[in-house]
Structures are given as C-alpha cells and as structure tokens.
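My entries follow in the order in which I made them.

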Amino acid sequence: MKFLAVYLNQTRVGFLSQVGDIYQFLADEAYWTEPYRPTLSLAYNVLGNDALTRQLCTEPATILTRGLGRLPPFFDNLLPEGPLREWLAAERHTTVNDGLELLAAAGNNLPGAVMMRAEWPAESVKLKHAVNQKSVFGPQAIEAPLIDAFSLAGVQFKLALSALGGNKRYTMHLEQGLDGEPIIGKFPSAQRNDMVYTEFSGMALTRVAGIETADCWLAPISALDERIHAQAGTSPAQEFLAVRRFDRTMEGDRIHIEDFCQVLSLAPERKYGKRTDYETLAAVLLRAAVHGEQQVEAYIRRQVVNTLLGNTDAHLKNFSLIYRDGRMPELAPAYDQVPVFLYFDETPFLAINKKIDQILTAQTLKTYRELYKLLGLSTALAAQIVKDTIERCLALWPEEMRHLPLTVEQQHKIEHRINHLPLVREVLKRR
C-alpha cells in the first residue's frame, strides 16, 4: 500500500493511495472542519451541498474518489503527456504508467498549489483506504520528490525555468532555494522550427483583442544554462518561448489552478470533449466563478478569438480556473493560443483539428445566442459581445501582425480566413 499526502500550499487536504491497481483519494476530516478551507477542485464540490460533498470525498469507493488502473482524473491531469512524461519516468526510474510514483517524483513542483509528500497516515486512515476491511496492508515507503523534477501538463515539451538577471539568463527552476522569476520554457521541435513564433504571435493577437493573456516573450536559446541545452531539443532554431507562470507569484508563492479536464473529471485523452462539455464549462463559470456573467463574457470573447485565429487546439486542458484567493475560481489567463490552421496543408496528423475547424468556420451569431439562451442570459448581449470582439480584431490585428514574427504568407492566410468566415461576414452586414 502506497500513500502520498495531498497538500494545497501548507494545508493538508487528504491522502492519495494505491493498492494494486486501485487508486483512491480521501480528504481529511480536519480539512472539512476548516471554515475557510482552500479549494482543491470543483470536481470535489457539489455546489450548494456541502454535506454531500463531504460524504463523497471522505467515504471510500465513491465516484469522486476512486480510480481503477489509473489515477483519479484530477490527479491524472497534473501529469504531463508525451516526451516530458517519459523524461519524468526516466528521472524516477519507473514507467510512464506509474502515476503515483510520477506524482511523488514531481511532488514539489506541480501545476497550481498542489504538493505531494511521502507521508504515512494514521491507522484509521489506512483502513479506510484498504480494498476491504479484512485486508491487511503494510505501507510501502515512497522516496522523496526529486530535487529538479517538475510536471507541466500537456503534450508539448517544455521546461520549468527560472529567469535570472532581468531575463538575461535561464536555468532549471527549483521550488526552494533559488532566486529568479518562475517561467515555462517552450521549445521548437525539429519538425516545426517556427511554432514558437506562431504561438508568440497568437498570444499577442489574443492580448490585443482584449483577452487576459499570460505574459510571454521570445528568448535566445544561448541564454540557457549549458546543462539545459541537451533537454531543449535538437532544433536549429535560435529562440524559445518564455511564458510567465500565472500560478506562481514573482516571489515564487503558489497560486492554485486547475484545467477543465480536472473540473469535469475527464481523462487527459478526452480533452477535446463534446459540445456539451463546453456548454458545461460556461455553466460552471456562471454558477461557481467570481462575477459569473463577466467570466462567461470573457470565455465567449476568447472563443471568438480562437475562431478568427484558427486555434483548433483550444481544448478543455487549455482552459483553466485560477483561485487567486485560494477558494473562489475565476477564468485563468489565456495560454497556448496557436493559429493551428496555418499548418493544415503541410501536417498530415491534424485530422482532429481539421474536424474542429469545420465546426469553427460554421459558427454564426446563432451559435452564441443559443449558448446564452441555454444559460438563461440575454441573447442580444451575446450578439453584442461577439460583434464588439470581431470589430476590435478587425481594427487592430492588421497593424499588429506587421510587427509580429509571422511570414507574409502567414499574415495573408490569417487575413483571408477572417474575411471569409461566415461569422465575420454576418457581423459586417449588421453594421
């Protein structure tokens, strides 16, 4: 029987256990008695029914607490996919499927304010985690987190870095004992050298559209510490994308976040979701977030920008909640804003993105009116929000693109896309 204690900053929330292929999270009773307890996840909250929430999160084998063969979705989504997961498994000398050990390895440096610590619970807690009360399990020791291990959710290879000397030098970010600003370094691949430039441009256009966006800049690969170069890939590109972490303060304090796969208890591979998942996303913002109607408006504006930008990778893991006060959620700043459609002609493995683009390019004002009607909000307001967002983009994007690292061909593709979108044409007709 393996155990990891689950913390939000210095507050212990409960224990995550593994017995064979059964994983289980159970919250501490002490956590529930704290009147101003921090929020771990909306997935572990039945809105408006604290008693039922407490029951579901403290009793074994409920739909919220148990995972068979893999971690429960909230914890599964803390881990990376692809090359970064392979790197983390190699550092821990385990397999990519050993979720508990991977969490233990990166326990000091996970997304948001979550920390995982190797602690043994009291005997009464062990019994709760047992498969049945007649079973007898001894706790199996788990090694402490690796000093330089970290986890950043997603498929793209990235590194947790510290920017030092006014962004003149970048080194591996350790959560303790190192000055510097916490950032995420995103690196060009050997196949797509220009991806850092298109993502930087997508982020800039999103910000100009009035969307709260994670701060980012292009940094020279030569500014990386020597020991990072091997991990940064083999691309001949000279720059990488540095993204300021909004789940860390300048002083390195942790701010809790969770993505919408975590909120909706979906496995990472289900991140593209169904239409109803995105309706639920909007409903969650309306019902649970601070200033819900304003949060829905921010979400709608971002989706309009994604349509204009051709960002067909705006899946559920690319929308997050942020808990700035530790308890109440807001829509987190935009990130991973990439005009993916620019690569449709030359990249064969974007079939799912092309299907999503068919949905995006078919949007009309009716699309957004229907969502607002479903939420019980003004359909006229929905149309006005879309109209204002499109007109802002039409006014500001052409000049902004001239100053971005986009090729002339890429600029023309974006302009052509916008001018031929039914949604844009409809708005222009209604001027």
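**Entry 1: loop residues with positive phi**

I began with N9, which lies in the loop between β1 (2-8) and β2 (11-19). I take helices (H or I, at least four residues) and strands (E, at least two) as DSSP runs, numbered from the N terminus. The model is predicted: local features need pLDDT of at least 70, side-chain atom pairs count only at pLDDT 80 or more, and totals for chains, interfaces and linings use all residues. Residues are numbered from 1 along each chain as its sequence is written, and side-chain values use heavy atoms, with hydrogens and water left out.

Phi of N9 is near 50 degrees, a positive value in a residue other than glycine. Most residues other than glycine have a negative phi, which is my reason for noting such cases. N9 counts as partly exposed because its relative accessibility is 31%; buried means under 20% relative accessible area, exposed over 50%, and partly exposed in between (1.4 Å probe, protein chains only).

I then went to S265, in the loop between α8 (260-263) and α9. S265 is not a glycine either, yet has a positive phi of about 55 degrees. Its relative accessible area is 35%, so S265 is partly exposed.

**Entry 2: the chain as a whole**

I counted 15 helices and 13 strands in the protein chain. The radius of gyration of the protein chain is 22 Å, close to the 22 Å that the globule rule gives for 431 residues, so the chain is as compact as a globular protein of that length. The radius is taken over C-alpha atoms, and the rule is 2.2 Å times the number of residues to the power 0.38. The C-alpha trace spans about 70 × 55 × 40 Å along its principal axes.

Of the 431 residues, 56% are buried. Among contacts with a separation of 6 or more, 69% are between residues 24 or more positions apart; contact means heavy atoms within 4.5 Å.

Which residues of helix α4 (residues 83-92) are buried? I found L84, R85, W87, L88, A89 and R92. Their cover includes α3 (73-76), α5 (99-105) and β6 (158-164).

H93 follows α4 and has a positive phi, near 60 degrees. T94 is in the loop between α4 and α5. With a relative accessible area of 23%, T94 is partly exposed. Neighbours within four places in sequence aside, T94 is in contact with A89, E101 and L102. From T94 to A105 there are 11 residues in sequence and 10.0 Å in space, C-alpha to C-alpha.

**Entry 3: a buried aspartate**

Is D336 buried or exposed? D336 counts as buried, at 17% relative accessibility. D336 lies in the loop between β13 (330-331) and α11 (351-361). Not counting residues up to four places away in sequence, D336 touches K186, E199, M203, N311 and N318.

**Entry 4: helix pairs**

I describe two packed helices by the angle between their axes and the distance between the axes. Axes are lines fitted to C-alpha atoms, for helices over the stretch in contact, and angles run from 0 to 180 degrees between N-to-C directions.

Helix α9 (residues 275-288) packs against helix α10 (residues 292-309) at about 145 degrees, with the axes 7 Å apart. Y278, L281, A282, L285 and L286 in α9 meet G292, E293, Q295, V296, Y299 and Q303 in α10. By class, I have seven nonpolar, three polar and one charged residues here. Ala, Val, Leu, Ile, Met, Phe, Trp, Tyr, Cys and Pro count as nonpolar, Asp, Glu, Lys and Arg as charged, and the others, Gly among them, as polar.

The axes of α10 and α13 come within 9 Å and cross at roughly 45 degrees. The contact is made by E297, I300, R301, V304, V305, L308 and L309 of α10 and I385, V386, D388, T389, I390, C393 and W397 of α13. These residues divide into 10 nonpolar, one polar and three charged.

Helix α12 (residues 365-375) and helix α13 (residues 379-401) have axes that come within 8 Å and cross at roughly 135 degrees. From α12, L365, Y368, R369, Y372 and K373 make the contact, and from α13, T379, L381, A382, A383, I385 and V386. By class, this contact has eight nonpolar, one polar and two charged residues.
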